[in-house]
Amino acid sequence: MEAIKKKKRVLITGCSSGFGLLTAVEAARAGYDVVATMRNLGKADYLRQALDQAGATATIERLDVTDRSSIEAVAEKYRSVDILVNNAGILTMGSFLDITEDEMRTIFETNYFGVVALTRAVVGGGMIENGSGLVINIASLAGLIGHIFNAAYCASKHALVGFSKSIRQELKPFNINVVSVEPGYHKTEIIRANANVSENFYDQDSPMLQYNRGFLRLMRDEIIPRAGEAQDVVKTIMKIMAADKPKAHYVIGKDARLATTMQWLGLNGVLEKKIHTKLLSATRRENRRAEARKTKRKKPPANQ
């Protein structure tokens, strides 16, 4: 009798929303043994509902990638992981002059050091012993080019891309693949409800105040409406999971492909000029709105 093929176990972080939630559902539908993790289990109902609607099941666990004891507990409980998807990430917007050191460190703890710690625990805890495995790191276009008013996020993703490239070579002798996924803007909560602004974003004494606000206006008016569909990224992740020989990295989205092509052609200056022009235009629009609101507040009631 032919032996029953064992389901591949997939451990995914950041499954309360966005790419993580959608990947967990699609992987469960495809027949993988999914361990979907998130920092706050109070947000797990969205995932449960999505799994129910898909007629799929997954194990949901708490995992805070900034807490080493949390990482150790999950890695010990699930020692045999075939595929690790490092998806958890945070975004705090604001000029590098305004963002605090604590905010920068928090971004790096989640987006970089947490990924490193979990990857070490999973790879060292079972993948090397099994002689196979796949690590998928969800980086960003921001890990390949500069990103205004997101310097800390951008730096953390650059670090993640560099980490991915480096350990990909280190783990080849153990038949473990490492892939970096680099999406441009897509419609997920990280650029909507889960997006944060820095503590000093609206500091009236900051020379960056009007440009901070202009960047938000640019996000709302142009970037978010044109963002790609999150499902496009998930489809690519699923293809990577099923591939025998996945590529080292995948750039996803029209904006990401355009930006990386211009970078390859040495046209960064053209791209930066375009972004700068759009920022100034958005800043002027936001300043006019701010002045109109101020004038309206000062205007006396009609009956006086």
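The questions and answers that follow treat salt bridges, a pocket, a surface patch and some backbone angles.

Visitor: What kind of model is this, and what pLDDT do local features need?
Guide: Residues are numbered from 1 along each chain as its sequence is written, and side-chain values use heavy atoms, with hydrogens and water left out. This is a predicted model, in which totals for chains, interfaces and linings use all residues, side-chain atom pairs count only at pLDDT 80 or more, and local features need pLDDT of at least 70.

Visitor: How many salt bridges does the structure hold?
Guide: Side chains of opposite charge can pair when their charged atoms come close. A salt bridge is counted here when a side-chain nitrogen of Lys or Arg is within 4 Å of a carboxyl oxygen of Asp or Glu. By that criterion, the number of salt bridges in the structure is 12.

Visitor: By about how much of a helix are E101 and R105 separated?
Guide: The two residues form a salt bridge, with their closest N and O atoms 3.0 Å apart. Helices (H or I, at least four residues) and strands (E, at least two) are DSSP runs, numbered from the N terminus. Because E101 and R105 are four residues apart in helix 4 (residues 101–130), their separation is about one helical turn.

Visitor: Is E101 buried or exposed, and what is the relative accessible area of R105?
Guide: Buried means under 20% relative accessible area, exposed over 50%, and partly exposed in between (1.4 Å probe, protein chains only). E101 has a relative accessible area of 51%, so E101 is exposed. R105 is likewise exposed, and its relative accessible area is 52%.

Visitor: How many residues apart are R217 and E286?
Guide: The side chains of R217 and E286 meet in a salt bridge at 2.8 Å, N to O. This pair links distant parts of the chain, with R217 in helix 6 (residues 209–226) and E286 in helix 9, and the separation is 69 residues.

Visitor: Are R217 and E286 buried or exposed?
Guide: R217 has a relative accessibility of 14%, so R217 counts as buried. The relative accessible area of E286 is 6%, so E286 too is buried.

Visitor: Which residues are linked in a network of salt bridges?
Guide: The pair of R217 and E286 forms a salt bridge. Both residues belong to a network, whose members are R217, D221, R285 and E286.

Visitor: Which element gives the most to the lining of the second largest pocket?
Guide: A pocket is found on a 1 Å grid over the protein atoms alone: where a 1.4 Å probe fits, it is an open set of points with protein on both sides within 12 Å along at least five of seven lines, and lining residues have an atom within 4 Å of a point. The second largest pocket has a volume of about 310 Å³, and of its 15 lining residues the closest to the centre are K8, G133, L134, M241 and A243. Strand 6 (133–138) and helix 7 (230–242) are the elements that give two or more residues. The greatest contribution, three residues, comes from helix 7.

Visitor: Where is F149 found, and what is its phi?
Guide: Most residues other than glycine have a negative phi. F149 is found in the loop between strand 6 and helix 5 (151–170), and F149 is buried, with a relative accessible area of 11%. Its phi is positive, near 60°.

Visitor: Where does N175 lie?
Guide: N175 is not a glycine, although its phi is positive, at about 60°. The place of N175 is the loop between helix 5 and strand 7 (176–183).

Visitor: By what distance are the C-alpha atoms of I223 and Y185 separated?
Guide: I223 lies in helix 6, and at 18% relative accessibility I223 counts as buried. I223 and Y185 are 38 residues apart along the chain, and their C-alpha atoms are separated by 7.4 Å.

Note on methods. Grid points are joined across faces, edges and corners, and a volume is the space filled by probe spheres set on the points.
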